[in-house]
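Me: I want to know where the labels on this model come from. Please set each value against its cut-off as we go.

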Amino acid sequence: MRKGVLKIVVPCYNEEEVLKETNKRLLEVITAMEQSGAIVSGGVVYVDDGSRDATWTIIDELSKADSHVAGIKLAHNAGHQNALFAGLTLASECCDMAVSIDADLQDDTNAIFEMVDKYNEGVEVVYGVRRERTTDTWFKRNTALGFYKMMSVMGTDVKFNHADFRLMGSAALKALIAMPERNLFLRGMVRTLGFKEADVYYDRSERFAGESKYPLTKMLNFAVDGITSFSVKPLRLIFSFGIFFIFMAVLAIGYALYSHFVGQTIPGWTSLLVSLWLIGGSILLALGVVGEYVGKIYKEVKRRPLYVIEKTENLI
């Protein structure tokens, strides 16, 4: 049975309303596991993703009040995935396992106990999976289900009802950090590692305080990033649509020639207009999909850093 040092990595963006309660609950989990012997020691690493409120001030105060708490302040808002990656990268240097969890307290902190137990049994990656989505609104629940179905159809391997609440051992962390991508979609990247996996099921709560940092527009952008980062199926669909429209064009030409020779030609401005809009929209859609891939290539070849660290507190 293996035991080790645990770090809980928490990306934060404008979380001043919930941060103290989050810290209280996470430290209770760490203290309980230290006392039971499930871990050698533990700590919480907060990553301030360029917050505009008092998030960093609170993190600074918490780190000075308790040696179990550390903070990383990014110089600008790098995005949730980049902030999480920054925390995991730095935490990997001083831990044997790391749990990633959002600051909003919707994920059940008690599930960390079972995650650590599975790690001690030899599992390298443990996913936190929601049992159901009863706390979500009808719109949120159905858009989330649509997200997972679309990802599956487009050939992206993701764990159903799993976000970024997971435990990773040091081997998995090193393999993840070694990936050179600049377009991060961590829940897809972790699935490609190939280490021994397990699931821990939990009930998700309503947000403790504050507002969601993932409105519909961000969720849609996230879905596009996930699909285009892990699948070329959209490009193949474009090719298939192209073949289909060529076939339809051949039929249309044949019909037009037949109508001309039998003298049945009449002004067909409606069909012409519809055809132009359909073909024009299809071309624009195809260009947009190709543009997404070209844009990702553009970001990758520049090799700019994913994040810039302004300062750290209590990080060993």
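Reply: Let's begin with the naming: helices are DSSP runs of H or I with at least four residues, strands are runs of E with at least two, and both are numbered from the N terminus. By that rule, Ser170 falls in helix 6, which covers residues 170-177. Bear in mind that this is a predicted model, where local features need pLDDT of at least 70, side-chain atom pairs count only at pLDDT 80 or more, and totals for chains, interfaces and linings use all residues. Residues are numbered from 1 along each chain as its sequence is written, and side-chain values use heavy atoms, with hydrogens and water left out.

Me: How many helices and strands does the protein chain have?

Reply: The protein chain has ten helices and eight strands.

Me: Back to Ser170: why is it called partly exposed?

Reply: Buried means under 20% relative accessible area and exposed means over 50%, with partly exposed in between (1.4 Å probe, protein chains only). Ser170 has a relative accessible area of 27%, so it is partly exposed.

Me: And which residues is Ser170 in contact with, leaving aside neighbours within four places in sequence?

Reply: Those are Cys95, Asp96 and Glu124, where contact means heavy atoms within 4.5 Å. There's also Ala91, 79 residues from Ser170 in sequence, with 9.8 Å between the two C-alpha atoms.

Me: What about the histidines: does His76 count as buried, exposed or partly exposed, and why?

Reply: His76 comes out at 39% relative accessibility, so it counts as partly exposed. You'll find His76 in the loop between strand 3 (69-74) and helix 3 (80-91). Setting aside residues up to four places away in sequence, His76 touches Asp49, Gly50 and Val308. Arg52 is 24 residues from His76 along the chain, and their C-alpha atoms are separated by 9.9 Å.

Me: Then what makes His162 buried?

Reply: Its relative accessibility is 1%, so His162 counts as buried. His162 sits in the loop between helix 5 (138-153) and strand 6 (166-169). Computed along the sequence, Arg131 is 31 residues from His162, and the C-alpha to C-alpha distance is 9.8 Å.

Me: Which part of the protein chain is buried?

Reply: Buried residues are 44% of its 316 residues. The accessible surface comes to about 16700 Å², with 61% of it belonging to carbon and sulfur atoms.

Me: On to packing. Why is helix 1 called oblique to helix 4?

Reply: Helix 1 (residues 19-36) and helix 4 (residues 111-120) pack at an angle of about 40 degrees, with their axes 10 Å apart. That angle makes helix 1 oblique to helix 4, given that under 35 degrees counts as roughly parallel, over 145 as roughly antiparallel, 65 to 115 as roughly perpendicular and the rest as oblique. The crossing is right-handed. On the helix 1 side the contact has Leu26, Val29, Ala32 and Met33, which meet Ile112, Phe113 and Val116 of helix 4. By class, this contact of helix 1 with helix 4 has seven nonpolar, no polar and no charged residues.

Me: How do helix 3 and helix 6 cross, and what makes that oblique?

Reply: Their axes come within 10 Å and cross at roughly 125 degrees. That makes helix 3 oblique to helix 6. Helix 3 passes helix 6 in a left-handed crossing. Phe85, Leu88 and Thr89 of helix 3 make the contact with Leu173, Leu176 and Ile177 of helix 6. These residues divide into five nonpolar, one polar and no charged.

Me: Which residues of helix 1 meet helix 2?

Reply: Leu19, Lys20 and Asn23 of helix 1 meet Thr55, Ile58, Ile59 and Leu62 of helix 2. That contact divides into four nonpolar, two polar and one charged. Helix 1 passes helix 2 (residues 55-65) with a right-handed crossing.

Notes: Axes are lines fitted to C-alpha atoms, for helices over the stretch in contact, and angles run from 0 to 180 degrees between N-to-C directions. A crossing is left-handed if the near helix is turned anticlockwise from the far one by less than a right angle, and right-handed if clockwise. Ala, Val, Leu, Ile, Met, Phe, Trp, Tyr, Cys and Pro count as nonpolar, Asp, Glu, Lys and Arg as charged, and the others, Gly among them, as polar. Accessible areas come from the Shrake-Rupley method with a 1.4 Å probe; for residues, only the protein chains shown count as cover.
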